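This report looks at contacts between side chains. Follow each pair in the structure as you read.

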Amino acid sequence: CPTPPMNLALGSGDNWIVQGRPLAGAPRMSKDFLRTMSESSSVPLAVLPYRIQAVDGGQLALRYIRMMGNWGSECLPQAGYILVDTAAQVGLETIFFDGETAGAKIGGAILARAQASVSVMLSTFHLLQSDQGGGVWADSSTLVISVSRFDGCSSPSGGGGSIYAASCSL
């Protein structure tokens, strides 16, 4: 592995809100916003260079963040950026998941399981690749994705180029 990711972990009773703000020149919410986010990996958003684990009922909200790292997909067996486990709840808005800088073998950006709940809106999953669920891998969870793009995501050896979901509420 080039560099193992630094992890931020939240658990039972933890409630985090992490909000960047669009930097100067960032596109505002408009019909062209998602097109702009998917055309460039240099989207001017605040950068969060960590992997996040939300477990045991923890709650997390992320807004206006570019998720990026310097680890390759071969370093992590699961969840390139966000692991949501055991009834944790995660809300994501205006997130750019950069597949050029990180990933995982299962769930290139997000892995959700065990009654986890994930809501994603106005976000871009860019060039993510994994064995299953190039962008998102979910099992026994609730997954809501709206007004978001999967740009160049793939799963060459498994299933779910953009999303792999089993026993989920979608």
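## Aromatic cluster

Tyr81, Phe97, Phe125 and Phe150 make up one aromatic cluster. The model is predicted: local features need pLDDT of at least 70, side-chain atom pairs count only at pLDDT 80 or more, and totals for chains, interfaces and linings use all residues. Residues are numbered from 1 along each chain as its sequence is written, and side-chain values use heavy atoms, with hydrogens and water left out.

Rings of Phe, Tyr and Trp (its six-membered ring) pair if their centres lie within 6.5 Å; planes under 30 degrees apart count as stacked, over 60 as edge-to-face and the rest as tilted. Across the whole structure, the search finds 4 aromatic pairs. In one of them, Phe97 and Phe125 have ring centres 4.7 Å apart and planes at 20°, so the pair is stacked. This pair links distant parts of the chain, with Phe97 in strand β7 and Phe125 in strand β10 (residues 124-126), 28 residues apart. Strands (E, at least two residues) are DSSP runs, numbered from the N terminus.

## Burial in the cluster

Buried means under 20% relative accessible area, exposed over 50%, and partly exposed in between (1.4 Å probe, protein chains only). Phe97 is buried at 0% relative accessibility, and Phe125 is buried with a relative accessible area of 0%. The rings of Phe125 and Phe150 are stacked too, because their centres are 4.4 Å apart and their planes at 5°. Phe125 lies in strand β10 and Phe150 in strand β13 (residues 149-151), so this pair ties together parts 25 residues apart in sequence. Phe150 is partly exposed, at 25%.

## Salt bridges

Side chains of opposite charge can pair when their charged atoms come close. A salt bridge is a side-chain nitrogen of Lys or Arg within 4 Å of a carboxyl oxygen of Asp or Glu. By this rule there are 3 salt bridges.

Arg63 forms one with Glu93, where the closest N and O atoms are 3.4 Å apart. Arg63 lies in strand β5 (residues 59-67) and Glu93 in strand β7 (residues 89-98), so the pair ties together parts 30 residues apart in sequence. Arg63 is partly exposed, at 27%.

Asp98 and Arg66 meet in a salt bridge of 2.4 Å, N to O. Asp98 is in strand β7 and Arg66 in strand β5, so parts 32 residues apart in sequence are tied together. Both Asp98 and Arg66 are buried.

How values were computed
Helix = DSSP H or I, 4+ residues; strand = E, 2+ residues; numbered from the N terminus.
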